[in-house]
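Subject: Structure handover

Hello,

Here is the structure for your files.

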Amino acid sequence: MAIIHQISLNNDAFDGRKYTWREAIVNSQCTPDSTWIDPLHKRQVLKGEFACGVSHLRVWEKIVDSGKNGIILEEDVVIHGIDTEEIDSLLKDHDSVWLGYRLNSMGYWYNTHAYAITPEIAKYLIDGYSKAIIPVDEWLPKKLKNKNNYFYETPIVDQIPRSVRPSTIEDTEMLEGKDIDFRIITVATEPEKMWALDQSAKKYGIEVINIGKDHPWRDPMEGLAGMPKIQLVNEYLATAPEDAIILYLDGYDTFFADSPLDVLSRYQQMGADIVFGAEAECWPDKNSENKWSDTGTKYKYLNSGCYIGTAKALHSFISLPITEPANGDDQLYCQQRYLAMFGVETDYSVLLDFEAYIFQNHDKNIQVVNNQLWNKETNCCGCIYHGNGGVDAKDFFVEMASKFGFTKSEAEVVSPYYLTLDYEEVAKDILVTDFLSENQCKYLIDKSESRGNWGAMEGDKFPAQEIRLKDLGLWHEYERLWHEKLGKISEGFWKPMEHLGLRDAFTMRYTTDTQTSLPLHTDASLVTGSVKLNSDYEGAELIFPRQNFSNINVKNGQCILFPAQVTHGHYVNELISGKKYSLTMWTSRYKGDINE
């Protein structure tokens with residue numbers, strides 16, 4: 001005989017109203033379909049609709065477990081009479097029986113307050129629903145469209161009118177904005193090397209944000225290395241919404257083997273704020289092996305090449321103080337922070353993906369079955385493959401990528417910077433060196449204009465229209481450029497000068513309706529770097545009267561270096577037409593001399 005299952009908030013229905021969206025997802029172990037749009041109201045799924053779908057899903061699971069037909073009734077039903085034997089009889093010839101329903105203007109029935117299904121159909125309805133919950137009265141007609149459905153000519157079960165009993169669904173929060181802010185980032189300073197990640201992202205129609213693009217770092221990644229990744233990621237996290245979910249993947253040796261939405265779903269099911277990939281080798285610090293807990297699989301050591309978490313938790317984790325130095329290696333840096341958490345109370349949780357449920361790190365035993373990664377040890381099909389390791393691992397990575405249709409192409413590396421130490425002395429103690437490409441000059445202009453809010457620094461004796469590179473998120477990038485190139489040139493030419501680091505850096509703009517010139521002055525800088533970013537203007541020349549030098553013939557992207565405090569007073573003459581953009585960099589005069 002069919003079993004009657006009532007879905008009631010007073011019983012065991014899933015009540016989404018008492019949770020935030022994230023809590024509802026974690027507690028239900030289900031994921032809303034963020035791509036679904038209501039065909040009538042043109043909105044995304046409501047939290048009440050999500051909870052209602054979860055409640056129906058749980059009933060379907062009970063029907064499958066019982067092996068008996070099930071009659072599902074929501075709590076707002078008005079029953080005129082139900083003959084369970086009659087419904088059992090109907091289910092011998094039909095897949096579903098609809099005791100109450102309505103037809104909508106879209107051409108299908110809706111309302112799921114009263115229906116009956118077989119265990120076989122319950123199993124069919126369960127398939128795929130937990131990963132992409134949409135309103136149950138959209139899911140059922142979609143799944144049962146081509147099934148044998150029976151509809152009572154006159155419904156035998158009605159709903160209590162909403163004028164008597166208001167809906168507990170429609171006044172709930174819609175899935176939007178911060179609740180689905182899912183971002184995928186990487187650091188690929190040579191974008192042509194992220195061919196596999198790029199091709200897999202295009203396959204699934206998603207964007208990977210490359211925060212390493214146009215960055216000067218060219219780390220060979222041999223031995224202990226990779227700290228610029230941590231620095232750039234932390235800078236990005238500091239500006240992201242706290243509850244944005246950030247998926248980080250190394251740029252050159254990762255690809256998606258499954259949908260990013262599955263990655264998000266599995267992360268939410270795991271219930272932790274941060275999930276790191278795990279690997280079988282204890283690297284780079286072999287001496288730390290006894291500090292790692294047994295996970296039940298060979299994957300027990302944190303791998304820093306792939307992880308996911310909220311921006312707030314990741315920012316806190318990366319900033320966690322530790323006593324041991326990380327020796328410039330991003331993996332050691334993250335491992336030490338993870339190990340330092342044991343016994344320490346934090347407001348976030350961190351898990352290792354020791355089953356390779358999301359992240360599959362290098363393992364030659366991994367197989368591709370039905371176009372999915374299959375790990376026979378953990379019996380999981382990971383969503384992302386990471387070919388971390390040496391030459392053998394990279395060769396295997398290329399092989400694995402090819403099985404998913406991603407092919408390697410060789411492309412010329414084009415740097416946005418000129419990193420050679422060549423220069424020319426164009427006037428007394430004035431050096432010129434090639435520095436920025438035309439594309440990087442345009443990038444600085446566009447990024448500055450996009451941010452806007454040009455203005456003078458408070459208390460400046462010689463105010464100008466400026467934007468700090470710190471406000472553009474480029475401070476560390478240009479600080480490293482000084483250490484790698486401009487500082488070395490300065491120390492070599494002005495011996496025994498010691499380069500102490502970058503003090504300040506800012507873009508400048510001259511326009512006919514704002515600032516058109518700058519009076520004679522010296523800089524609060526040991527050595528100054530000045531870069532012309534464009535040439536489509538008249539006037540506004542940078543002039544050094546004592547050295548009888550002007551930058552009129554200096555090319556876009558070339559950097560002028562000069563000792564700035566006493567001998568090299570300079571000014572900018574009147575702008576005649578157009579807009580002038582430039583980059584100015586000041587260096588520290590003594591230790592700790594940083595312009596905050």
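Below are notes on the model, a cavity and a sheet.

This is a predicted model: local features need pLDDT of at least 70, side-chain atom pairs count only at pLDDT 80 or more, and totals for chains, interfaces and linings use all residues. Residues are numbered from 1 along each chain as its sequence is written, and side-chain values use heavy atoms, without hydrogens and water.

Cavity first. A search of the whole structure gives one cavity of 30 Å³ or more. (A cavity is a set of points, on a 1 Å grid over the protein atoms alone, where a 1.4 Å probe fits but cannot get out; lining residues have an atom within 4 Å of a point. Points are joined across faces, edges and corners, and the volume is the space filled by probe spheres set on them.) The volume of the largest cavity is about 30 Å³. Its lining consists of K229, I230, V233, Y248, S304, Y307 and D330. Two elements give two or more residues each: α7 (227-239) and β15 (301-310). Helices (H or I, at least four residues) and strands (E, at least two) are DSSP runs, numbered from the N terminus. The largest share, three residues, comes from α7.

Now the sheet. Four strands form an open sheet in the order β25-β31-β28-β29, with antiparallel pairing. (Two strands pair if DSSP finds at least two bridges between them.) The edge strands, β25 (518-521) and β29 (549-550), each pair on one side only. Strands β28 (542-544) and β31 (570-572) pair over two bridges. There, L542 stands opposite V572 in β31.

Best wishes

How values were computed. 1 Å grid on protein atoms, 1.4 Å probe; cavity = no way out; pocket = protein on both sides within 12 Å on 5 of 7 lines; lining within 4 Å.
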